[in-house]
Amino acid sequence: MDKKEILKEFSSNPDRYYKVNLFEEQGFVRKSCSKCSRFFWTLNAERDLCPDDADDTYSFIGEPPTTKRFDYTQAWKQVEEFFVKNGHTSVSRYPVVCRWRDDLYFTIASVVDFQRVMGSKVVFEFPANPLVVPQTCLRFKDLENVGVTGRHFSSFCMIGQHSIPEGDKGYWKDKCVDLDYRLLTDQFGIKREEVVFVEDVWAGGGSFGPSLEYFVRGLELGNAVFTEFQGELGKHTTLDQRVIDMGAGLERFAWITMGTPTAYDCCFGPINEKLFNKIGIDSDSEILRRYFTEIAKALEKFEDLNEVRRHAIKKAGLTDDKITKMITPLEGVYLIADHLRTLIFAITDGALPSNVGGGYNLRMMLRRINATISKLNLKLDIDDLIDTHIDYLKDTYPELDEKREDVKKILKIESLRYEESKVHMKKKAEKIREKGVPSVDDLITLYESDGITPEYLKEANAISEIPSSFYSKLSDLHQSENKKAVTELPVDQLPETDALFYKDDPMEFDAKVIKIFDDKVVLDKTSFYARGGGQEPDHGTIAGFNVINVDKHANVIVHQLKDGVPKEGDTVKCVVNATRRANITKNHTSTHIINASARGVLGSWIWQHSAFKDDDHARLDITHHSSLTDEQVKQIEDAANSMVKQNLQVSIEYFDRGVAEQKYGFRIYQGGVVPVKAVRIVSIQDKDIEACGGTHVKKTGDIELIKITKTKRIQDGVVRIEFVSGPTAFEYIKQQEIELKQKEQEDAQKEILAKRREENKQKAREKIPMLLEKILDGESSADGDNSEIDEIITRNKMCFTASQQYDEYFHQNFGKKLVAKDPKTAFCGIFESGPTIRIMVHAGEQSGVNAGVIAKEISLILGGSGGGDAKFAQGGGKDTSKKDTAIAKAKSMILG
Ligand SMILES: [Zn+2]
Ligand SMILES: [Zn+2]
């Protein structure tokens, strides 16, 4: 929809769309900007320019238009007090991780809190009407502006004033604008003439309406949107639910009363000062006032941020010295304070820095903080900064205080990991540079398994550009996981299947065949659980035919049969495989238990990422930063089994979605968004409460036993826990015990053998003098009656052995002594030592043998290297497949 068209239409009829009682009462006049011709409302009849074009733009810097001064947290107290006094309910902020919308990762506006997607429609669910909320919103679009412009944040508090006019509740335009005007003038003490309202429109998601933006000295403080219509302009209709969506920036409310050079100066509490002191910034407020006023004005004029900066520097008359000693460090301090505040909110609400989805933005922000710290050469204690932030914010946001330690832990791990990965990433980048251009698939593998982004590779000159298909391919890969789409069947005309598994859940029942599609059957009612929420479908029989699959198409349950189908209209006997169902149910309930246990053991950032529950195995993927240690796995398993042992009640209740959210919080959305108004809440007392549509045991004791069989970090930020429960767990343990026993036996056997070998070697060492004597006496293997000498083949006083009963000590000493006693002799031994095959050669001076040459050549055969001199040399290699070749060669070289 073209916003310009709508604005033109609405502004051509201002009485209908924009004129409110307040304007009449107070004597506001409507003017058109002499520069841009936008329409605005003002008490100053002389005023010709809209707030963006007027000369007083940002003149509040250094000269605030209020008598009262409020910093960030004080400003919220004022706003809250005002709206509560005027009949509003003050609602706590919603999480910044937008768990209730699967099209958004982070909460980007206060109105999003109350939007729920139902099919293709967005509906509003207000926990109170009217209400006000201090909603923290995350936006990463203008990250390069943060710290530089004086007013851009990566997260900010949107004061949300929301109302739906229905009956005696809520209100519409007149009251809204009246409240906003009185908030500025009465509560904040801004002079009446300072307030200017500008006509605008809002359009999105198929609906639209007029809006009034309100400004003071060129600073837009808020925007009251009146969402009233739907459809195309001209063909539009009025919405059933008209909504007031007034969003205002709390940071700006504080700023206008403080008149500080930037909004950062009055919104981060004592953190800035702490950092200024640390760096020793020379903060001449007169220069800063001039500089940031110029920045604010130039922002409207130039597209490019560098240009804005250059322009302001020139206008404010800053020297290079002032820029390096004052502006650059200031920008760094603001960036650190801003990014850290955003990370605190996001991690408190359960997000983790990673390479996936919104986690990527968090990782990038922490890296920007670290880069700034090293650029400015700062020695900062991040924990201390986190404390300062939270101490300042905890009155407004007490939940931050509860997660203080978790935030510290996550940021510490993430910073450390970055430091560690730098070396690895550099090496990888070098390798890639050598290999040539990597394919898109290579890049995806690098990204997913090593956490190396193509941006990093580009920075490191390993690739010249990021292939345009990279991100689309990556998102396709991640989508296909969810897209195990059921082939759509034409079920529109069929009645909704009566789902007995949510009722008395009989394992045998009679049902009427409503419809047949090839091998698929639709019944009027069914106890067969249809695949959903990671739970595999029930099996069993319908009219004697085996049920091999069950899926849900909208509200119709479709059974797939094997080897035949009944006739439409027949009443058939249906039997659910009760054992399979019982096992699946145990595994399913165990995912709740393991999820809760993991959260207890590991930390508040643990969320279900996804889950799969079959009858003989199951898995739960959780959001966690590192691989699990054996100790952690044991703790989780113990905690889970303790819940089993306590035999806790598993209860199921239906709630209105809004009620459930208010009562239990957004933790209920472990399995993702719930697209229905009545949510099914499954609670294991107060230990785990989730919205879930699966089948569950009645008491945790029914599960009997949970056994974790394997854990693995499957992607950055996600750990998979594989487990079994109930009879399968007992079976697993039995199998484990058998395997353990087998292994023990094998180990014992091996030990005996090793011991025997050791004894033999010892015996061999003791025989050295006797063997020497025999060989020097000329006894040879040819005699055949001497087994010891058999092991050492001799020919013309040349000795060779590859017998395993001799160890290194033997070869070393025997050979040395032999050639010392008779310089005509030589000795070569080949023996195994660990994974290598070694060779040792001793050659007497008159033997005519060169020890070095032999050792070198044999080692080469064995895939290793050898060295020494003509008298003594040794070597070896790991290629055991060449052992026989090496022995044959050595034998021939020594014995001739
Ligand atoms: Zn204008
Ligand atoms: Zn469940």
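Q: What do buried, partly exposed and exposed mean here?
A: Buried means under 20% relative accessible area, exposed over 50%, and partly exposed in between, with a 1.4 Å probe and protein chains only. In this predicted model, C33 counts as buried because its relative accessibility is 3%, whereas C36 is partly exposed at 32%.

Q: Under which conventions are such values to be read?
A: The model is predicted, so local features need pLDDT of at least 70 and side-chain atom pairs count only at pLDDT 80 or more, while totals for chains, interfaces and linings use all residues. Residues are numbered from 1 along each chain as its sequence is written, chains are lettered from A and ligands numbered from 1 in the order written, and side-chain values use heavy atoms, without hydrogens and water.

Q: Which protein atoms are the donors of the zinc ion (ligand 1)?
A: Donors are N, O and S atoms within 2.8 Å of the metal (3.2 Å for Na, K and Ca); water is not among the atoms, so sites may look incomplete. Here C33 (SG), C36 (SG), C50 (SG) and D53 (OD) lie 2.0 to 2.3 Å from the zinc ion. Along the chain their spacing is C-x2-C-x13-C-x2-D.

Q: What is the geometry of the site of the zinc ion (ligand 1)?
A: Four donors count as tetrahedral if all angles lie between 85 and 135 degrees. The ideal angle for four tetrahedral donors is 109.5 degrees. The zinc site is tetrahedral, with angles of 103 to 115 degrees among its four donor atoms.

Q: With which residues is F39 in contact, leaving aside neighbours within four places in sequence?
A: Contact means heavy atoms within 4.5 Å. The contacts of F39 beyond those neighbours are S11, R30, K31, S32, V198 and E199. F39 is partly exposed, at 28% relative accessible area.

Technical notes: Tetrahedral: all angles 85-135°; square planar, octahedral: opposite > 155°, others 65-115°.
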